[in-house]
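This report goes through one protein model by topic. Please look over the sequence and the structure first, then read on.

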Amino acid sequence: MTPHELGRLAGDACDRDPIWDRDVETETPEAAFVRAAAAWDEQFPYLMERSGFYSRRFREAGVTGDRLSLKDIARLPFSSKAELKPAIDEAPPFGSNLCVTPGRVKRVYQTSGTTGAPSVLALSKADIETWTQIGTRTYFATGIHDHSSVLTTFGAGPFVAGHTHFVLSRVGCRSVPVAPGDTDRVVFGLKSGLADTLLSTPSFAQYLANKLEKSDGKPMGQLTHIVTGGEPGGGIPAIRDHIQQVLGVTVTEVMGIGDIAPSLFGECPQQQGMHFCGGGHVWVELVDPDSREPMVIEPGAVGELVYTHLTREAMPVVRFLGGDIVRIEGSACECGRTTFRMRVIGRRDDMFIVRGVNVYPSAILAVVGEFRPRVTGRARVIRNGADVSIMPPVPIEIEVKGGDVGDARLKADIEDAIHRTLVFRAKVDLVPEQSFGESGYKTRLTVNRP
Ligand SMILES: [Zn+2]
């Protein structure tokens, strides 16, 4: 095998370099640091001069002057979505963190507002280009090339996921947009052979697989590749294997963070976790989820990722706590990329504690997935109020296929498996298929119910 064959999808015989931005994506960690540090040396004084929000916070933290080396970035305070929101409110519509004149804002996205009122994200012309560039590295890494045809269910509405359309256009592939939730049009598009690649949430891909399994259906036309995003799942073995087997495809996953870049991590066909694709534009730190102390990004490390824009013009963020808890899988990869690879374990917000042990709902999904085909693979934890501790037995709802919600044997088997694997007692409630919404766009892993 030539290096170019590694890192491309099975059956892809094109002779294109599978790495979009070889200089950045294959450089040594030392070179990556030098590149980032040079950008930061421009970005820090820019923030001090232009960002009312950050210059004030930095001064409050005792940092003055217009130089601070990237090595010393941990001297700066963290920032979170909850802190950036008041910055918008104090000088609407763009807030006190807008670093360009309003006339230079050329694109505005809104966040979905799952936590409070919607917030705006402003981009300059250069920011739009940067997002496209990072996103192109990301999607190209999954194996999408100019000869691919891609059916995307990521909407073009107010949300940042719509930026994917610029990315597909940059890659030069065929793009077949379908509105989120329009299952009929997705099935039509795939069965009629319009696309060989599907971009969707893992919930939707599971739904398609379940649907096909039930109907003894024919494969989905030319479909060979599904790229999942929007929520974890594509990296959970039980979910991934099921989708791959039933639909006969390769599953890779991507991830982004609205405030940072909508596509920032992309998994290559080696399927060993998502590569960081933001080199030169975004600086990433790993911190302990509880103490927030810095951690080394090395294989096996589990922590929360923290992001700093190195080049963002309009609304840059510094040491932004993204809320995703990840496990570092490694760095150098057979595909040739040297950037670190990771998988998401769960959202900090979804985490709960049972008798002193942190639990992420994705771990429950991994156990539940083993019970296919009797279950759909979807499950959620029922919480009572905002209390992060749950006393066992932990209430969990699990969707079953065929509607046999009275299967006491299945219920007991799942409870046993959870106890054995995750070491806490669960109280399982079987619920009919589609209880969590038909096509499962962004299935909530925990719900509050008093
Ligand atoms: Zn790789």
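Is E329 buried, partly exposed or exposed? E329 counts as partly exposed, at 28% relative accessibility. Here buried means under 20% relative accessible area, exposed means over 50%, and partly exposed lies in between, with a 1.4 Å probe and protein chains only.

## Basis of the report

The model is predicted: local features need pLDDT of at least 70, side-chain atom pairs count only at pLDDT 80 or more, and totals for chains, interfaces and linings use all residues. Residues are numbered from 1 along each chain as its sequence is written, and side-chain values use heavy atoms, with hydrogens and water left out.

## Salt bridges

A salt bridge is a side-chain nitrogen of Lys or Arg within 4 Å of a carboxyl oxygen of Asp or Glu. By this rule there are 29 salt bridges. One of them links E329 to R327, with the closest N and O atoms 2.8 Å apart. R327 is partly exposed, at 34% relative accessibility. Elsewhere, R240, E253, E267 and R343 belong to one network, joined by salt bridges that share partners.

Another salt bridge pairs R312 with D127, where the closest N and O atoms are 3.8 Å apart. R312 sits in the loop between β12 (302-309) and β13 (320-330), while D127 is in helix α5 (residues 125-141), so this pair ties together parts that are 185 residues apart in sequence. The helices (H or I, at least four residues) and strands (E, at least two) named in this report are DSSP runs, numbered from the N terminus. R312 is buried, with a relative accessible area of 4%, and D127 is buried at 1% relative accessibility. The side chains of R8 and D12 also form a salt bridge, 3.5 Å from N to O. R8 and D12 are both buried.

## The open sheet

Twelve strands make up an open sheet with mixed pairing. Their order is β4-β3-β5-β6-β7-β8-β9-β14-β13-β12-β10-β11. β4 (174-177) and β11 (294-295) stand at the edges with a single partner strand each, so one side of each has no neighbour in the sheet. Two strands count as paired if DSSP finds at least two bridges between them.

Strand β3 (residues 149-152) runs parallel to β5 (residues 197-200), and three bridges join them. Within this pairing, L151 stands opposite L198, and T152 has L199 as its bridge partner. β3 also runs parallel to β4, through four bridges; here V150 is the bridge partner of S175. S149 and L151 point one way from β3, V150 and T152 point the other way, and all are buried.

Between β3 and β4 comes a helix: β3, α6 (residues 164-171) and β4 form a right-handed β-α-β unit. Right-handed means that, with the strands pointing away from the viewer, the path from the first strand over the helix to the second runs clockwise.

## The zinc site

Which residues are the protein donors of the zinc ion? They are C268 (SG), H275 (NE2), C333 (SG) and C335 (SG), at 2.1 to 2.3 Å from the ion. Donors are N, O and S atoms within 2.8 Å of the metal (3.2 Å for Na, K and Ca); water is not among the atoms, so sites may look incomplete. The spacing of the donor residues in sequence is C-x6-H-x57-C-x1-C. C268 and H275 are both buried.

The site of the zinc ion is tetrahedral, with angles of 102 to 116 degrees among its four donor atoms. Four donors count as tetrahedral if all angles lie between 85 and 135 degrees. The ideal angle for four tetrahedral donors is 109.5 degrees.

## Backbone exceptions

Most residues other than glycine have a negative phi, and most peptide bonds are trans. The peptide bond from P92 to P93 is cis, with omega near 0 degrees, and P93 lies in the loop between α4 (81-89) and β1 (107-110). P392 and P393 are also joined by a cis peptide bond, with omega about 0 degrees. P393 is in the loop between β17 (375-383) and β18 (394-400).

R292 is not a glycine, yet has a positive phi of about 65 degrees. R292 is in the loop between β10 (282-287) and β11 and is partly exposed, with a relative accessible area of 27%. R319, also not a glycine, has a positive phi of about 50 degrees. R319 lies in the loop between β12 and β13 and is buried, at 3% relative accessibility.

How values were computed. Tetrahedral: all angles 85-135°; square planar, octahedral: opposite > 155°, others 65-115°.
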